[in-house]
Amino acid sequence: MAVELSALRDQIDAVDQQMVALLARRLALVEQVGHVKSQHGLPIYAPDREAAMLASRRAEAEKQGVPPQLIEDILRRTMRESYASEKDSGFKCLNPDLRSVVLIGGNGQLGSLFGRMFRLSGYQVNVIGKNDWDNADEVLKNAGLVIVTVPIHLTMDIIEKLNQLPNDCILADFTSIKSKPLAAMMKAHQGPVVGLHPMFGPDVPSLAKQVIVCCNGRGEESYQWLLEQFGIWGASVCQMPAEDHDHGMTMIQALRHFTTFAYGVHLSKVKPNIEQLLKLSSPIYRLEIAMVGRLFAQDPNLYGDIILSSQENIDMIDRFYQSFSESVELIKRKDKQGFIDNFTQVSDWFGDYSQQFMQESQNLLKQAHDAIHRG
């Protein structure tokens, strides 16, 4: 048996080595693709091309008796690496006549990410940090685009200082709330104004498939090139009114971050053995506790600013508290039928999304399970 296994394992190792060589060849080809796209101003993410390629490979896999989902998983992971590699080839500059791009707060993680993207596209980038305001006027007088990317609690004060920008300069911000900063920018600057919110963190390997929300302010035609530049970087621009954005962020950010915060606080008081929990964990619980731990590995000021940024957020959290209290009372009464009724009501509200989310989560859980090492 040992001899037979050893021979088979040698063959598997040989195939794996061939796969590594093929992946290296594919990445080299992707690098060439990146250069061509850079020269011609093509986006690194082409959804139609990706969908057609995946469909074709799935069909070929099925013909050869290979599970289609297996080849799709391999290709999607490979494409993620490819997008990260393509960006290193640089990007076409859509507005070569633009004066300098000034990132206020550009030494932060998100500002640094966008500074790199602008530089890869051939733009001159200047940064104004918290200790650079003595020279700010000199930097700003030649600005063609100014982006405010500072913590929420500093944003309004910074915007008020930007009342001497060139008339044709585009003023933008990356704050995760939009109504108040957009109004403040419109008041401080008479030129083009746009509110932007990158819906991702600074640790993304590339901007492919990432979303940037755009809330129009003034002079839309003046910054269309900027939105198109985001598209070349691979991002998807989602345009909506500032008020709609802020309503959505109440659920997507404030409430979600608060519930994670509250769960983390509870865990810290109960003090379970995390190592033991992980040994007992199903992939879904491991993901859940990982997302809690992820929050507490970051800056508390950022999340405090997000949660406390509006009265609407506080009111929504209070409504959640009331709903939570009602559910606790139901459990205290051991009201199983009441639990089932509530469960059914929520299930009906989700509708077809329940099955869609079931399928999406199954794929995530498979990946999470693959990453687990149990020794």
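Lys271 is exposed, with a relative accessible area of 64%; exposed denotes over 50% relative accessible area, buried under 20% and partly exposed in between, with a 1.4 Å probe and protein chains only. The model is predicted, so that local features need pLDDT of at least 70 and side-chain atom pairs count only at pLDDT 80 or more, whereas totals for chains, interfaces and linings use all residues. Residues are numbered from 1 along each chain as its sequence is written, and side-chain values use heavy atoms, with hydrogens and water left out.

**Loop residues**

- Lys271 lies in the loop between α9 and α10 (274–280); helices (H or I, at least four residues) and strands (E, at least two) are DSSP runs numbered from the N terminus.
- The phi angle of Lys271 is positive, at about 55 degrees, although Lys271 is not a glycine.
- Lys334 likewise has a positive phi of about 55 degrees and is not a glycine.
- The loop that holds Lys334 runs between α13 (311–332) and α14 (336–350), and Lys334 counts as exposed because its relative accessibility is 75%.
- Pro67 is placed in the loop between α2 (47–63) and α3 (68–86), where its relative accessibility of 49% makes it partly exposed.
- Between Pro67 and Pro272 there are 40 Å in space, C-alpha to C-alpha, and a separation of 205 residues in sequence.

**Overall architecture**

- The protein chain has 15 helices and seven strands.
- Taken along the principal axes, the C-alpha atoms of the protein chain fill a box of roughly 80 × 65 × 40 Å.
- Of the 375 residues in the protein chain, 36% are buried.
- Contact means heavy atoms within 4.5 Å; among contacts in the protein chain between residues at least 6 apart in sequence, 69% join residues at least 24 apart.
- An unreviewed UniProt entry lists residues 99–361 as "domain: Prephenate/arogenate dehydrogenase"; UniProt positions are given in the numbering used here, feature names are shortened, and annotations may be inferred rather than shown by experiment.
- Over residues 99–361 the chain is 56% helix and 14% strand, with the end C-alpha atoms 46 Å apart.

**Helix packing**

- Two packed helices are described by the angle between their axes and the distance between the axes.
- Helix α9 (residues 242–270) packs against helix α11 (residues 283–295) at an angle of about 95 degrees, and their axes are 9 Å apart; axes are lines fitted to C-alpha atoms, for helices over the stretch in contact, and angles run from 0 to 180 degrees between N-to-C directions.
- Helices α9 and α11 are therefore roughly perpendicular to each other; angles under 35 degrees count as roughly parallel, over 145 as roughly antiparallel, 65 to 115 as roughly perpendicular and the rest as oblique.
- On the α9 side the contact is made by His257, Thr260, Phe261, Tyr263 and Gly264, and on the α11 side by Tyr285, Met291, Val292 and Leu295.
- The residues in this contact of α9 with α11 comprise six nonpolar, three polar and no charged; Ala, Val, Leu, Ile, Met, Phe, Trp, Tyr, Cys and Pro count as nonpolar, Asp, Glu, Lys and Arg as charged, and the others, Gly among them, as polar.
- Helix α6 (residues 152–160) and helix α7 (residues 179–188) pack at about 10 degrees, with their axes 9 Å apart, which makes α6 roughly parallel to α7.
- Thr155, Met156 and Ile159 of α6 meet Lys180, Pro181, Ala184, Met185 and Ala188 of α7, and the contact of α6 with α7 has six nonpolar, one polar and one charged residues.

**Buried sites**

- Val194 is located in strand β5 (residues 193–198) and counts as buried because its relative accessibility is 0%.
- Leaving aside neighbours within four places in sequence, the contacts of Val194 include Leu182, Met185, Cys214, Cys215 and Tyr223.
- Val194 and Lys178 are 9.6 Å apart in space, C-alpha to C-alpha, and 16 residues apart in sequence.
- His245 lies in helix α9 and is buried, with a relative accessible area of 1%.
- Not counting residues up to four places away in sequence, His245 touches Ser176, Ile177, Lys178, His197, Val213, Cys215 and Met240.

**Cysteines**

- A search of the whole structure finds zero disulfides, a disulfide being a pair of cysteine sulfur atoms within 2.5 Å.
- Cys93 is in no disulfide, and its nearest cysteine sulfur, that of Cys169, is 16 Å away.
- Cys215 is also in no disulfide, the nearest cysteine sulfur being that of Cys214, 6.7 Å away.
- Cys215 counts as buried because its relative accessibility is 1%.
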